Amino acid sequence: MNEQILNNINDIFSKKRNIVLIPHSSPDADALGSCLALYHFFIDNNNVNIISPNEYTDILNFLPGSEDVIVYENYKEKSENLFKDADVIFTLDFNSLGRARNLSSLITESSAKIIMIDHHENPDNYANIMISDSKMSSTCEMVYDFIYAVDNEKINNNIATCLYTGIVADTGSFRFPSTTSKTLKVGSELITYGVNITEIFEKLYNNFQFKRLKLLGLTINNFKKIDELPVLYTSISEQDQFINDFKKGDSEGFVNFGLSVSGILCSVLFIEKKDEGIIKISFRSKGDFKVNIFAARYFNGGGHKHASGGVSKLSLIETEKKFIVDIKQYIKENYE
Ligand code: 5GP
Ligand code: MN
């Protein structure tokens with residue numbers, strides 16, 4: 001963090017503040033881990049609250065402090081009052097207000113100072129202090145740097161557990177190309193605070209219902225290949241979800257299986273969300289194949305080079321048809 005930003009931050013937190021921490025909607029381990037780490041960091045000397053735009057997977061309930069997270073959809077009035085009184089708002093693991101969904105207008109209308117900490121590309125210009133670096137493995141790695149710079153003596157087991165979990169989740173356990181030697185150093189440093197790495201792995205990846213395994217089988221079975229292209233895609237219909245007691249987070253990681261096939265560079269998962277009237281799409285890729293540009297151009301989305309998301313308002317079948325046309329076009333224009 002540069003000196004001027006650090007001075008600004010030290011200035012802001014030189015007295016007791018009302019702080020609101022916000023993850024992106026349907027927060028994942030990196031988003032929630034970042035919020036909770038800062039929650040534990042600030043709690044001694046400030047009024048601090050985490051407000052999530054909506055519910056998130058039960059899998060993350062093991063994170064220390066998660067019982068204190070306020071879900072906006074369930075506590076609108078309380079959340080709105082906290083926004084009114086806020087001196088500082090942190091937006092964590094997102095960089096465009098749309099990803100805060102129903103909280104975006106509360107953020108723009110607030111008179112609080114806004115601090116962004118995020119690792120996605122092309123940040124929007126809404127924050128007073130912008131800590132944005134798309135080369136970072138995770139927002140949790142950036143929050144570690146933030147905490148280390150502001151007051152490293154406050155790092156404790158709770159903070160370390162939240163940060164380690166977010167880093168593991170966003171780097172695929174220190175495997176993805178965004179993992180640097182510094183990411184591993186941060187991981188190593190966090191372990192010195194007594195983080196139980198085996199327990200975190202068990203809680204994140206081996207803590208599901210039997211039906212979720214069945215849904216994985218079905219999703220893998222549904223994979224289709226597009227002739228001549230290094231692309232696989234699959235889908236989960238509303239009925240598949242109903243039969244298998246689908247819960248938020250159950251499909252996390254499913255899309256990656258497409259990339260386990262030799263020669264495949266892009267894997268895509270379509271999930272039917274009838275209640276929202278959309279198809280949610282996950283894109284994963286490797287090598288030079290950039291899915292964030294594809295997601296932004298054709299499916300109103302974005303994200304990282306190798307992991308992006310988007311949405312479609314067409315039916316599942318029509319979305320798949322459109323996707324096949326679009327991906328052929330995209331590969332022809334960019335990779336042939
Ligand atoms: P997932 O496939 O796990 O839902 O999302 C993968 C990544 O894509 C996320 O970490 C986020 O960076 C990005 N992403 C997912 N959905 C959207 C979306 O609707 N819009 C944008 N801009 N990015 C998204
Ligand atoms: Mn992240």
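Q: How many helices and strands does the protein chain have?
A: In this predicted model, the protein chain has twelve helices and twelve strands.

Q: What makes the protein chain as compact as a globular protein of its length?
A: The radius of gyration of the protein chain is 20 Å, and the globule rule gives 20 Å for 336 residues; the two values are close, so the chain is as compact as a globular protein of that length. Along the principal axes, the C-alpha trace spans about 60 × 40 × 40 Å.

Q: What share of the residues of the protein chain counts as buried, and what share of the contacts joins residues 24 or more positions apart?
A: Of the 336 residues, 49% count as buried. Among contacts with a separation of 6 or more, 66% are between residues 24 or more positions apart.

Q: What is the accessible surface of the protein chain, and how far apart are the mean positions of its positive and negative charges?
A: The accessible surface comes to about 16100 Å², and 47% of it belongs to carbon and sulfur atoms. The 35 positive and 44 negative charges have mean positions that are 4 Å apart.

Q: Why is Cys162 called buried, and why is Cys266?
A: Buried means under 20% relative accessible area. Cys162 has 0% relative accessibility and therefore counts as buried. Cys266 is likewise at 0%, so Cys266 also counts as buried.

Q: Why is Ile167 called buried, and which residues are in contact with Ile167?
A: The relative accessibility of Ile167 is 0%, which is under the 20% limit, so Ile167 counts as buried. Ile167 lies in helix α6, residues 157-170. Leaving aside neighbours within four places in sequence, its contacts are Ser137, Ser138, Cys140, Glu141, Phe174, Thr183, Val186 and Leu190. Tyr126 is 41 residues from Ile167 in sequence, and their C-alpha atoms are 25 Å apart.

Q: What makes the phi of Phe174 worth noting, and why is Phe174 called partly exposed?
A: Most residues other than glycine have a negative phi. Phe174 is not a glycine, yet its phi is positive, at about 60 degrees. Phe174 lies in the loop between α6 and α7 (181-191). Its relative accessible area of 21% falls between 20% and 50%, and Phe174 is therefore partly exposed.

Q: Why is Asn10 called partly exposed?
A: With a relative accessible area of 36%, Asn10 lies between 20% and 50% and is therefore partly exposed. Asn10 belongs to helix α1, residues 3-12. The C-alpha atom of Asn10 is separated by 9.7 Å from that of Asp151, 141 residues apart along the chain.

Q: Why does Asp124 count as partly exposed?
A: Asp124 has 36% relative accessibility, which is between 20% and 50%, so Asp124 counts as partly exposed. Asp124 is in the loop between β5 (113-118) and β6 (129-132). Beyond residues up to four places away in sequence, Asp124 touches Asn95, Ser96, Leu97, Met116 and Met130.

Q: Why is Leu269 called buried?
A: The relative accessible area of Leu269 is 2%, under the 20% limit, and Leu269 is therefore buried. Leu269 is in strand β9, residues 266-273. The C-alpha atoms of Leu269 and Phe283, 14 residues apart along the chain, are separated by 6.7 Å.

Definitions and conventions. Residues numbered from 1 in each chain as written. Chains lettered and ligands numbered in written order. Predicted model: local features only at pLDDT ≥ 70, side-chain atom pairs only at ≥ 80, totals over all residues. Heavy atoms only, no water. Buried < 20%, exposed > 50% of the residue type's maximum accessible area, 1.4 Å probe, protein only. Helix = DSSP H or I, 4+ residues; strand = E, 2+ residues; numbered from the N terminus. Rg over C-alpha atoms; globule rule 2.2 N^0.38 Å. Contact = heavy atoms within 4.5 Å. Areas by Shrake-Rupley, 256 points an atom, 1.4 Å probe, with all protein chains shown as cover. Lys, Arg positive; Asp, Glu negative; His and termini not counted. Charge placed at Lys NZ, Arg CZ, Asp CG, Glu CD.
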